[in-house]
Amino acid sequence: ATQRMQKAVRFFGADISKLMFENNTLKDTYEKFVITDLQQGIPQEYKNLKPKLIMLIGVTTYFNPDGIKKIIVDMSSVISTDGLLCFTISLDDPEKLLGDSVVPIYDTDGGDNDSQIGVGDPNSIRG
(Lines give C-alpha, C1' and ligand atoms only; values in the text may rest on other atoms or scores of the structure.)
Protein backbone atom coordinates (compact mmCIF):
# COMPACT_ATOMS: atom_id res chain seq x y z
CA ALA A 1 0.00 0.00 0.00
CA THR A 2 2.80 2.42 0.81
CA GLN A 3 4.46 1.72 -2.53
CA ARG A 4 1.25 2.60 -4.36
CA MET A 5 1.10 5.84 -2.39
CA GLN A 6 4.74 6.47 -3.33
CA LYS A 7 5.74 7.03 0.26
CA ALA A 8 9.00 5.95 1.81
CA VAL A 9 8.33 3.84 4.88
CA ARG A 10 10.89 2.77 7.45
CA PHE A 11 10.09 -0.17 9.72
CA PHE A 12 11.49 -0.58 13.23
CA GLY A 13 10.71 -3.58 15.39
CA ALA A 14 11.07 -4.82 18.94
CA ASP A 15 10.29 -8.08 20.68
CA ILE A 16 11.29 -9.84 23.87
CA SER A 17 11.89 -13.09 21.96
CA LYS A 18 15.32 -13.92 20.56
CA LEU A 19 13.59 -16.24 18.06
CA MET A 20 11.46 -13.36 16.73
CA PHE A 21 14.61 -11.27 16.42
CA GLU A 22 16.29 -14.05 14.41
CA ASN A 23 13.21 -14.59 12.19
CA ASN A 24 12.90 -10.88 11.43
CA THR A 25 16.63 -10.55 10.81
CA LEU A 26 16.39 -13.34 8.21
CA LYS A 27 13.38 -11.70 6.54
CA ASP A 28 15.15 -8.31 6.55
CA THR A 29 11.80 -6.54 7.11
CA TYR A 30 13.02 -3.94 9.55
CA GLU A 31 15.61 -1.21 9.31
CA LYS A 32 16.34 -1.97 12.96
CA PHE A 33 14.99 -4.67 15.27
CA VAL A 34 15.89 -4.91 18.96
CA ILE A 35 15.30 -7.44 21.70
CA THR A 36 13.63 -5.68 24.60
CA ASP A 37 10.84 -5.95 27.15
CA LEU A 38 8.33 -3.32 25.99
CA GLN A 39 6.76 -3.33 29.45
CA GLN A 40 9.79 -1.27 30.40
CA GLY A 41 8.87 1.28 27.71
CA ILE A 42 10.06 2.28 24.23
CA PRO A 43 13.69 1.23 23.59
CA GLN A 44 16.11 4.14 24.03
CA GLU A 45 17.31 3.83 20.43
CA TYR A 46 13.76 4.57 19.22
CA LYS A 47 13.01 7.56 21.47
CA ASN A 48 13.91 10.23 18.87
CA LEU A 49 12.26 8.75 15.76
CA LYS A 50 8.91 10.63 15.99
CA PRO A 51 7.04 7.97 13.96
CA LYS A 52 3.67 8.65 12.37
CA LEU A 53 2.46 5.15 13.24
CA ILE A 54 3.18 2.80 16.13
CA MET A 55 1.55 -0.63 16.07
CA LEU A 56 1.54 -3.23 18.83
CA ILE A 57 -0.66 -6.06 17.63
CA GLY A 58 -1.07 -9.01 19.98
CA VAL A 59 1.78 -7.79 22.19
CA THR A 60 0.14 -6.00 25.12
CA THR A 61 -2.15 -8.97 25.77
CA TYR A 62 0.80 -10.47 27.64
CA PHE A 63 1.58 -7.32 29.66
CA ASN A 64 0.63 -6.63 33.24
CA PRO A 65 -1.49 -3.47 33.76
CA ASP A 66 1.52 -1.37 34.83
CA GLY A 67 3.43 -2.47 31.72
CA ILE A 68 0.49 -1.50 29.51
CA LYS A 69 0.25 1.93 31.14
CA LYS A 70 4.02 2.43 30.72
CA ILE A 71 4.06 1.57 27.01
CA ILE A 72 0.95 3.67 26.23
CA VAL A 73 2.45 6.71 27.92
CA ASP A 74 5.84 6.08 26.28
CA MET A 75 4.32 5.66 22.81
CA SER A 76 2.39 8.89 23.29
CA SER A 77 5.57 10.74 24.19
CA VAL A 78 7.56 9.63 21.13
CA ILE A 79 4.98 9.62 18.32
CA SER A 80 4.68 12.62 15.99
CA THR A 81 1.90 15.08 16.78
CA ASP A 82 -0.07 13.85 13.75
CA GLY A 83 0.71 10.20 14.48
CA LEU A 84 -1.49 7.21 15.22
CA LEU A 85 -1.12 4.61 17.97
CA CYS A 86 -2.56 1.18 17.22
CA PHE A 87 -2.54 -1.54 19.82
CA THR A 88 -4.69 -4.38 21.04
CA ILE A 89 -5.43 -5.12 24.68
CA SER A 90 -7.20 -8.21 25.94
CA LEU A 91 -8.15 -7.96 29.60
CA ASP A 92 -10.94 -9.34 31.72
CA ASP A 93 -11.10 -6.01 33.57
CA PRO A 94 -10.13 -2.91 31.51
CA GLU A 95 -10.75 -0.77 34.62
CA LYS A 96 -7.36 -1.98 35.90
CA LEU A 97 -5.70 0.32 33.35
CA LEU A 98 -7.41 3.56 34.27
CA GLY A 99 -5.37 6.22 36.03
CA ASP A 100 -3.71 9.58 35.56
CA SER A 101 -2.89 9.14 31.89
CA VAL A 102 -5.03 6.21 30.73
CA VAL A 103 -8.69 7.14 30.45
CA PRO A 104 -11.88 5.60 29.05
CA ILE A 105 -13.00 6.98 25.70
CA TYR A 106 -16.29 5.11 25.64
CA ASP A 107 -17.80 1.80 26.56
CA THR A 108 -19.87 -0.21 24.14
CA ASP A 109 -23.35 -1.22 25.21
CA GLY A 110 -23.31 -4.52 23.36
CA GLY A 111 -23.18 -6.52 26.55
CA ASP A 112 -19.75 -7.93 25.79
CA ASN A 113 -17.92 -5.56 28.18
CA ASP A 114 -15.62 -4.25 25.46
CA SER A 115 -14.03 -0.92 26.32
CA GLN A 116 -11.93 1.57 24.45
CA ILE A 117 -9.21 3.45 26.29
CA GLY A 118 -7.04 6.38 25.39
CA VAL A 119 -4.23 8.48 26.69
CA GLY A 120 -5.02 11.90 28.02
CA ASP A 121 -6.33 13.97 30.86
CA PRO A 122 -9.20 12.19 32.66
CA ASN A 123 -10.79 15.58 33.39
CA SER A 124 -11.13 16.33 29.67
CA ILE A 125 -13.25 13.25 28.91
CA ARG A 126 -16.93 13.95 28.52
CA GLY A 127 -19.26 10.99 28.59
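**Figure 1. K70 and its partner D74 in the predicted model.** K70 has a relative accessible area of 36% and is therefore partly exposed; the structure shown is a predicted model. A salt bridge joins K70 to D74, with 3.4 Å between the closest N and O atoms. The two residues are four apart in helix α2, which means that about one helical turn separates them. In general, an α-helix has 3.6 residues a turn, so residues three or four places apart point the same way. D74 has a relative accessibility of 7% and, being under 20%, counts as buried.

**Figure 2. The salt bridge between K47 and D74.** The side chains of D74 and K47 also form a salt bridge, at an N to O distance of 3.2 Å. This pair connects distant parts of the chain, since K47 belongs to the loop between β2 and β3 and D74 to helix α2, 27 residues apart. K47 is partly exposed, at 24% relative accessibility. D74 forms a salt bridge with K70, and salt bridges with shared partners bring K47, K70 and D74 into one network.

**Figure 3. Helix α2 and its buried side.** Helix α2 comprises the 14 residues 65-78. The buried residues of α2 are G67, I68, I71, I72, D74, M75 and V78. Because these residues cover an arc of only 165 degrees around the axis, they lie on the same side of α2.

**Figure 4. The N-terminal cap of α2.** The residue that caps the N-terminal end of α2 is N64. One of its side-chain oxygens is placed 3.0 Å from the backbone nitrogen of D66.

**Figure 5. The surroundings of T60.** T60 occupies the loop between β3 (53-56) and α2. With a relative accessible area of 1%, T60 is buried. Leaving aside residues up to four places away in sequence, T60 touches I68, I71, T88 and I89.

**Figure 6. The salt bridge between R10 and E31.** The model contains four salt bridges, one of which pairs E31 with R10 at 2.9 Å between the closest N and O atoms. E31 is located in the loop between α1 (18-27) and β2 (32-35), and R10 in the segment before β1 (12-15), so the pair ties together parts 21 residues apart in sequence. E31 is exposed, with 51% relative accessibility. R10 is likewise exposed, at 54%.

Terms used. Residues numbered from 1 in each chain as written. Predicted model: local features only at pLDDT ≥ 70, side-chain atom pairs only at ≥ 80, totals over all residues. Heavy atoms only, no water. Expected span 1.5 Å × (residues − 1). Buried < 20%, exposed > 50% of the residue type's maximum accessible area, 1.4 Å probe, protein only. Arc of directions from axis to C-beta. Polar contact = N/O pair within 3.5 Å; in protein donor to acceptor, adjacent residues only side chain to side chain. Contact = heavy atoms within 4.5 Å.
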